[in-house]
Amino acid sequence: MEDEVLEQILFVFNKLVTWVAAGAMVFGGVVPYIPQYRDIRRTQNAEGFSTYVCLVLLVANILRILFRFGRYFETLLLWQSIIMITTMLVMLNLCTNVRTATELSTKRRSFIATDSKDEEIRIPKRLFLDFDWNHFWSWSHFFDYLQCVVAFTLVAAYITYLLLDSSLFVETLGFLAVFTEAMLGTPQLHCNYQNKSTEGMSIKMVLMWTSGDTFKTGYFLLTQAPVQFWTCGLLQVGVDFAILFQVYYYSRYPQKPVSHTVSHTTSAKAL
């Protein structure tokens, strides 16, 4: 009797651990962006978040979903990609609205300062369909970003459909998907190296990335995910640890600051 109760307890415990691990796997990637979203809403300032984060993560996760048509992987990873895509679209929508409001406010203040009441306040519109590479991913409306994402998805899906029988293409597609995401931390790494400082970077965020990436890579290894997943996961963890080393090194051995002002908020992971 006691053995049966113990087995039931262990069974429930294993189920609970499985569900917790699954939830962490699916939602863990978006957790670092929740404080950023709340901060942008609170301050109505989106300058501290690079929308290129959204671009890279959208491309990476769209390619990962397409990769599943050629090489099956865990359904949890599929849901992870879907939720990440949704999160990045939400972030883009917020950033676009905030920046548009900021530009309008700046124009209005300039208009009042000049006291030229006959002039109309106008904000130059930058549209996706203009196909102006000077303004790529710097459009005025969220709908333009959505158009770009849909266009990229359709083209990538069509190419995948044509080459789905090619194992080389499928494996390359999977590698590009996870490699793109794995390289998210390199702009911050390079930025810190150029500035010889990590001032202005959230250490808590880096710790969250490191723990999340370590858990994710361990999950890939335990579930025997495709080799592209865990190799690029290890690369991503390596980049995270390199950033943490920069935090330690530049705090212990402060370097002479660069002569020109460099922003710390343009990196892919700088939140």
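Modeller: Let's start with residues 142-164. In this predicted model, the end C-alpha atoms of that span lie 32 Å apart, and the span is 91% helix and 0% strand.

Biologist: Where does that span come from, and which others are listed with it?

Modeller: It comes from the UniProt record, an unreviewed entry, which lists residues 16-34, 46-66, 78-98, 142-164 and 227-250 under "transmembrane region". Such annotations may be inferred rather than shown by experiment. Another of the listed spans, residues 78-98, is 100% helix and 0% strand, with its end C-alpha atoms 31 Å apart.

Biologist: How many helices and strands does the protein have?

Modeller: Nine helices and zero strands. Read from the N terminus, the elements go α-α-α-α-α-α-α-α-α.

Biologist: What makes Val155, Tyr158, Ile159, Tyr161, Leu162 and Leu163 a patch?

Modeller: The rule asks for over 30% relative accessible area and for nonpolar side chains joined within 5 Å. These six names form a nonpolar patch on the surface, so they pass that rule. Together they have about 650 Å² of accessible area. Val155 lies in helix H5, residues 142-162.

Biologist: What share of the protein's whole accessible surface belongs to carbon and sulfur atoms?

Modeller: It's 65% of about 16400 Å².

Biologist: Now the inside. Why is Trp137 called buried?

Modeller: Buried means under 20% relative accessible area. Trp137 has 2%, so it counts as buried. Trp137 sits in the loop between H4 and H5, and its phi is positive, about 60°, although it is not a glycine.

Biologist: Which residues have the most contacts inside the largest nonpolar core?

Modeller: Trp137 is one of them, along with Ile40, Leu57, Leu58, Met88 and Phe229. That core has 44 residues. The elements giving it two or more residues include helix H2 (33-43), helix H3 (52-70) and helix H9 (227-252). H4 gives the largest share, 12 residues. There's also a second, separate core of five residues, with Val206, Trp209, Val239 and Ile243 among them.

Biologist: What does Leu57 touch, leaving out residues up to four places away in sequence?

Modeller: Tyr33, Met84, Met88, Glu181 and Leu184. As for the protein as a whole, 37% of its 271 residues count as buried.

Biologist: What makes Arg71 and Glu171 a salt bridge?

Modeller: The rule needs a side-chain nitrogen of Lys or Arg within 4 Å of a carboxyl oxygen of Asp or Glu. Here the N to O distance is 3.0 Å, so the pair meets the rule. In general, side chains of opposite charge can pair when their charged atoms come close. By this rule the count comes to one salt bridge.

Biologist: Where in the chain do the two partners sit?

Modeller: Arg71 is in the loop between H3 and H4, and Glu171 is in helix H6, 100 residues apart, so this pair links distant parts of the chain.

Biologist: What about Arg68, and which residues is it in contact with beyond four places in sequence?

Modeller: Phe73, Glu74, Thr75 and Leu78. Arg68 is in helix H3, and its relative accessible area is 22%, so it is partly exposed. The C-alpha atoms of Arg68 and Leu78 are separated by 8.0 Å.

Methods:
Residues numbered from 1 in each chain as written. Predicted model: local features only at pLDDT ≥ 70, side-chain atom pairs only at ≥ 80, totals over all residues. Heavy atoms only, no water. Patch = residues over 30% accessible without salt bridge, like charges linked within 9 Å, V, L, I, M, F, W, Y side chains within 5 Å. Areas by Shrake-Rupley, 256 points an atom, 1.4 Å probe, with all protein chains shown as cover. Helix = DSSP H or I, 4+ residues; strand = E, 2+ residues; numbered from the N terminus. Core = buried A, V, L, I, M, F, W, Y, C linked by side-chain atoms within 4.5 Å. Buried < 20%, exposed > 50% of the residue type's maximum accessible area, 1.4 Å probe, protein only. Contact = heavy atoms within 4.5 Å.
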